[in-house]
Amino acid sequence: ATTNPANAAQSKSAAANSAQTPHNHSCHTYQTLLMPYLDAVTQIRMIILAQARSIWFLLPQWCYRRFSKLYQTEEALLKPIRAFSELACRSAELGSPLDMLKGSKSHGNNNDLKKTATDAVPKNMRDEAITLLFAGQDTSAATLSWTLHLLSLHPDIQQRLAEEIASVREREEAQRKADENQTAKPNQNYITKQSTLQMPYLDAVLKESMRLYPVAPFVVRSLQRDLAIPSPSHTCKSVSNNSNHGTTAPSLQPVPPPIILPKYSLACIWIYGLHRNPQLWRKADDFIPERWLTTTTPPNRAHIKPIDPDLSCENKTPWICSEAYMPFAAGPRNCLGQSLALVILKIMLARIIQDLIVVDLGAEPGQRSRQKDMQAGFTVLPCGGVHVQAYSRP
């Protein structure tokens, strides 16, 4: 039997196409959508900031959607952003933030989620993916910039951090050499997630940096029910009154009624002010990583809580309430990527301080309180950037 060469070539091509795995197809789709997505994200930042600073922000949304050219540009830019985010949802690996979100009560498929005719992904899942991908691009860079700025102003803290990193690396190197199974492998001169788990001071430095400079200084929430906020003067005070018999008797002032925020109101939580509230933090404006350290290490590190000896609470407890610290927001709508962001920040900061000494070029010797102006946009960035000089660590 004879075979037509043209037909054979077509058969090979068809076989190769049929042999394409879903993973390869997904990678190809990612490569196709990536550049349009990045271009759209860069442009839509400017669109949203321009809209927020214009008259359209004060008018009803239907006016903006019907009459503004910004809205038309915004919708065009959202198409590649939505397409890339839907692909991220469908391709989410097991255990990733998006995969965990699928099983949550607030975003799972069991809920009554809005879908469009062309959506294969629930709308609020896609919106969360947009937020996760969009917000994760410059927040880590901003936090790292603020942290390096603070460390450049506090060389003693920077030195203590460098010593902790060096100590952990020395122990790991000694363990590697002692392990007979690792003798044939080359020196692993990199810092891993497991390495950072042994660096409590590194964790404290990053927490204190995010307390002073949360990259998202506020969050807005839509209230799902009426919310009563107690009046600041919620305690009754005793006063002395003169009676007919010339004696004094205490009388109680009426308690002011609580402030009611009605359902569906937009409530803004000022995280920056919460983190610097002097009633909750001792030396609220100072960079003191030690406030996050405990004197003893409990068996379960999940129980470690920050310490502030001068905390002003009714029960005079030395532990800080968890609600007083929320750099990643809080509740079911908090930041999905906070675990990943912390791992990235710890590894990057440890790698930098391990090899380099950072010095603020504008600070005089011994100057510890030089404030850096903030520039508000999507995140709080150092105004004009951070200007530090790096030297090789001896």
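Analyst: A term is needed before anything else: pLDDT is the predictor's confidence in each residue, on a scale from 0 to 100. This model is predicted, and the mean pLDDT of the protein is 75, with 68% of its residues reaching 70 or more.

User: Which elements of the protein have the lowest and the highest mean pLDDT?

Analyst: Strand S3, residues 238–242, has the lowest mean pLDDT, at 40, whereas helix H10, residues 200–212, has the highest, at 94.

User: What describes the way two helices pack?

Analyst: Two packed helices are described by the angle between their axes and by the distance between those axes. In this structure helix H7 (residues 139–153) packs with helix H12 (residues 338–355) at an angle of about 40°, the axes being 10 Å apart. That angle makes H7 oblique to H12, and the crossing of the two is right-handed.

User: Which residues make the contact of H7 with H12?

Analyst: From H7 come Ser140, Thr143, Leu144, Thr147, Leu148 and Leu151, and from H12 come Ala341, Leu345, Met348, Leu349, Ile352 and Ile353. By class, this contact has nine nonpolar, three polar and no charged residues.

User: At what angle do H10 and H12 pack?

Analyst: H10 and H12 pack at an angle of about 115°, with their axes 10 Å apart, which makes H10 roughly perpendicular to H12. H10 passes H12 in a right-handed crossing. Leu202, Asp203, Val205, Leu206 and Met210 of H10 meet Leu342, Leu345, Lys346, Leu349 and Ala350 of H12, and the residues of this contact divide into eight nonpolar, no polar and two charged.

User: How many salt bridges are there, and could you show me one case?

Analyst: Counting a side-chain nitrogen of Lys or Arg within 4 Å of a carboxyl oxygen of Asp or Glu as a salt bridge, the count comes to 12. One case is lysine 123 with aspartate 127, whose closest N and O atoms are 2.9 Å apart. Both residues lie in helix H6 (residues 123–135), four residues apart, which is about one turn of the helix.

Technical notes: Residues are numbered from 1 along each chain as its sequence is written. This is a predicted model: local features need pLDDT of at least 70, side-chain atom pairs count only at pLDDT 80 or more; totals for chains, interfaces and linings use all residues. Side-chain values use heavy atoms; hydrogens and water are left out. Axes are lines fitted to C-alpha atoms, for helices over the stretch in contact, and angles run from 0 to 180 degrees between N-to-C directions. Angles under 35 degrees count as roughly parallel, over 145 as roughly antiparallel, 65 to 115 as roughly perpendicular and the rest as oblique. A crossing is left-handed if the near helix is turned anticlockwise from the far one by less than a right angle, and right-handed if clockwise. Contact means heavy atoms within 4.5 Å. Ala, Val, Leu, Ile, Met, Phe, Trp, Tyr, Cys and Pro count as nonpolar, Asp, Glu, Lys and Arg as charged, and the others, Gly among them, as polar.
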